[in-house]
4 protein chains.
Amino acid sequence: MKPNLLSDKKVIITAAITGGIQGKWANPCIPISPEEQAQDALECYNAGAAICHLHVRREDGQNTPDLKVYNKAVSLIKEKSPIITQIGNGVGAWVEWGTKVSSKGKKYGTSIRMATLEERLNLLNIEPVPEMYTINAGTFEFRTRYGSHLFDNPMDFNRKFVNRCYKRGCGIEIEVYDSGHIINILDLVDVSSLKTPLHFSLVLGINGGAPATLNNLTHLVDQLPEGSTWQVVTVGRFNLRLTTIAMCMGGNIRTGLEDTLHYRKGELVKNNAQLVARMVRLAKELGREPATVDETKEMLGLKS
Amino acid sequence: MKPNLLSDKKVIITAAITGGIQGKWANPCIPISPEEQAQDALECYNAGAAICHLHVRREDGQNTPDLKVYNKAVSLIKEKSPIITQIGNGVGAWVEWGTKVSSKGKKYGTSIRMATLEERLNLLNIEPVPEMYTINAGTFEFRTRYGSHLFDNPMDFNRKFVNRCYKRGCGIEIEVYDSGHIINILDLVDVSSLKTPLHFSLVLGINGGAPATLNNLTHLVDQLPEGSTWQVVTVGRFNLRLTTIAMCMGGNIRTGLEDTLHYRKGELVKNNAQLVARMVRLAKELGREPATVDETKEMLGLKS
Amino acid sequence: MKPNLLSDKKVIITAAITGGIQGKWANPCIPISPEEQAQDALECYNAGAAICHLHVRREDGQNTPDLKVYNKAVSLIKEKSPIITQIGNGVGAWVEWGTKVSSKGKKYGTSIRMATLEERLNLLNIEPVPEMYTINAGTFEFRTRYGSHLFDNPMDFNRKFVNRCYKRGCGIEIEVYDSGHIINILDLVDVSSLKTPLHFSLVLGINGGAPATLNNLTHLVDQLPEGSTWQVVTVGRFNLRLTTIAMCMGGNIRTGLEDTLHYRKGELVKNNAQLVARMVRLAKELGREPATVDETKEMLGLKS
Amino acid sequence: MKPNLLSDKKVIITAAITGGIQGKWANPCIPISPEEQAQDALECYNAGAAICHLHVRREDGQNTPDLKVYNKAVSLIKEKSPIITQIGNGVGAWVEWGTKVSSKGKKYGTSIRMATLEERLNLLNIEPVPEMYTINAGTFEFRTRYGSHLFDNPMDFNRKFVNRCYKRGCGIEIEVYDSGHIINILDLVDVSSLKTPLHFSLVLGINGGAPATLNNLTHLVDQLPEGSTWQVVTVGRFNLRLTTIAMCMGGNIRTGLEDTLHYRKGELVKNNAQLVARMVRLAKELGREPATVDETKEMLGLKS
């Protein structure tokens, strides 16, 4: 697809409120409990977000594939606002803090773990039914400052996930981390029930995926099938500028504490709504009004 | 140069308040008289602009190379504010309205004219001395809705202009309209006193130059010599989004009624300061503070 | 257009046998007289070329718009072989050698001159009628080691030229030197009888136009309208490799002493057919057979 | 890195004679036994190749990590010619033909298997010592017409492999399948003994990696660290043209039955030397002489 610098489509804002790995040790304002998450989702909704992208946490703050926690979080979110819930099917990683002690008295041996394919398939049993799931378009080694783990996303798993997801009546967003992933998805269209137009998140800056550069963004957009919708997901320092560029190119917006812990250099984010509010201000200045939940459902072909 | 998505340099904002061709018939808020221009320059300065890019007009509103008008405008601007004055050495085009009448009673035969090389060299005699001039990096046919004209910018003329400009103690900004123009400038560095780092305006969307696409922007930036400063100049509908993208890439900002007559679709700009204020808001949201006049002089190597 | 790395279309080979400026002083094997040109055209035809791109020369070897010379050259070429004749409507430049003498006894003051628009329009009266003309898609300053000259190609001139050219029943190839020129041509389609699909030469490496880089080649190809045919024209050292890349991308081939004086580093070309033969060998190795004259006429929509 | 269209460096030609998966069922001329491989390596050496990239096979023709077979193959190759041996540390995949029978009597259930990380580390015990190994810069699902398999290349494994490889005195070539892999390698430089300049194979067209397009080639080359050497590895129909483009850009050459089973459309390759000979002819036409074994060792920093 060519970028559309003149797009006046409503812009869909997704708030990724909790994230796949970082906990309160990195920013104490990350919502961890379902109650905190529901509150943040409401505030993001009020600020202009239409979608809440969700990972859930154990009581100790680490990520978990536990269905009970997902059920509670989705349920509480839905009680408070009509925001669309979107479950990241990668679950995320949990940190196993190192307990070995070096001769200098420093702890080491920290590593990460990720959910199994079975645990991830099980997310399709979340109740109440969320409106959307994300799938991950390719396998790679996910490397973080806490350690590395295989992020396994085989075609066969994605095929099963897509088919069951549609049977549940849920929509799908596709997370793409590099050029090869787009081809994976075109192949997936052939062997699964995955329907076009496709909805992409172009994830940049994860170690193991394409780095967060403008060249990588334009290179990926250029390879998307005509008619797709897309947004960029960039972690850390590149988040704000690449997201703004994407919006200028006709893409949608994702923001939230999953993607950026700092509001600006040296200043931690206070809450998810603060990030949404900034993107709403930017979107309006740039001539793109935020899409409502209903408009988003229509644009993404979700059940209303 | 690679784009710098993390630049935290102060951003230089240039207000191109009057423009090279459009008159009050297109937007009645374009400042025409030196008095109007000085007022707009002051308001832009107050809103955050550090440079006022200037074309002047005859009493009938058409562009003119008349030194007396330039002198008066520069003089009045300097009386009101310390904003840097930057003279566009292309002068611009004036419209000669068609007087022929078609069988259907419609007037036709409208054409444009542009200043001679001599008239343009004469701009180096403006008093009081402006801080900066722009040069145009290549020759092409400048096509407008009112007609077309050779926009002649031979190497030999630019060589003379640069040498005299530096002798006057003035700075130079280089307007580039296509890939070949960058090579022209590298050659000009060899045969003139033009000093690096160079300061570029990448002008997109003029008929005859490169069209206003993101690909053209990144393609031109990629070809700039390392260490240059740059901004994008995009006319019309592409202005706001490409300017914002450029700022995210580490570029500076130019805005003003020269570049865009509409604030947004269907809504005419009210005054130049309105455009500057929007870019200041965007810049601040994106983590780049507007450079003051003094900071700008230091960044561009201008005399203070 | 996207490059087509799998194209198995026949490849059209154009021999640009004489060129727009260089004379026997640069390579004594450049054919100058109509007789030499007809002989070279025949040899190129025998080697696999389908088109002979032509500039003609005065008796002193300099370029000329003189119709008598054109008539004789086209006539002799057609007598010897069925190769398609293609007249470059830019005519080219002639060198006026400097006669001033420096204090060190060195001659200086060399400059170049180019044909007027009237002289160029007059090429439409060449008899016998050539099959094709080239037009130049934009105005710029053409800079050479012998001096610089305005290369004037206004829209209005191109409009007239195209309309008359088609009335004569001749085909048109469009020479593009930078991004803006492609837009010029899309505008020309609107105001003239210029028919799609369009046939482009992407000229790289002329000072004043886009430099000879792979990025510029892919950038220009990307901007061509779908369905166009194209070739790259690169002067000097970049000729062989960019031409080969273009052929791999699905483009056609142009070669000849107009574009390259050296067969390889330090070795002058012996004759035009030597260059054609190399491109034929390369084309065949790469799976693209040279198009015959008849196949070329069909591919370019020329009268047979 | 920018492409270098003027490179006159000697070009290193690697013959990938056997490949990671295809067997005699796909082309009966693929050398399978160590004796056949040694003969092909000799012929490729005589034709101009300096490196033999090697996978070995069981007696039934399937890939194997069996050290005894590697030892025999390397030993026989070295007896016959001084060609550099390069062991692909991915080993490749072996096909387990489906034995289930459908109701229509068709066999199905074919799948592939790949070597374990332990089996791959064990390649560092091959005797006699090969001059080079390749490592794979990232993990992804390797998809073939016979089935898919995780191609696991974690950072930790690569770190170990590189360190041991250098201790053995062997050189390293890095296979990159997508943008993210280049970042993986820059990280690997930090945590291992991997030395710059780095030697890259940019592998395009494997399902799971970046597709075989010119855009992907130039995008990857653009991201390589300055001073690297590189070649493109493209499977199937894209092989010849992308390899030729890469050579024009200053890259090295890899060819062989691993990468392409067909010499041209509809015509199977007769033997590896046929492919090497074509690339030698192309390289010479394009002004790049094949590097000898000694020149290659110097260019890649291998022990001589």
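Author: Happy to! This is a predicted model, in which local features need pLDDT of at least 70, side-chain atom pairs count only at pLDDT 80 or more, and totals for chains, interfaces and linings use all residues. Residues are numbered from 1 along each chain as its sequence is written, chains are lettered from A and ligands numbered from 1 in the order in which they are written, and side-chain values use heavy atoms, with hydrogens and water left out.

Reader: What is the N to O distance in the salt bridge of C:Arg143 and B:Asp187?

Author: A salt bridge is a side-chain nitrogen of Lys or Arg within 4 Å of a carboxyl oxygen of Asp or Glu. The side chains of C:Arg143 and B:Asp187 meet in one, with N to O at 2.5 Å. This pair crosses between chains, from strand β9 (residues 140-144) of chain C to helix α5 (residues 179-191) of chain B; helices (H or I, at least four residues) and strands (E, at least two) are DSSP runs, numbered from the N terminus. The distance is 2.5 Å.

Reader: Is C:Arg143 buried or exposed?

Author: Buried means under 20% relative accessible area, exposed over 50%, and partly exposed in between (1.4 Å probe, protein chains only). B:Asp187, at 24%, is partly exposed. C:Arg143 has 10% relative accessibility, so this residue counts as buried.

Reader: In β11(D), which residue is the bridge partner of D:Ile135?

Author: Strands pair if DSSP finds at least two bridges between them. β8(D) and strand β11 (residues 171-176) of chain D pair in the parallel sense over five bridges. The partner of D:Ile135 there is D:Ile174.
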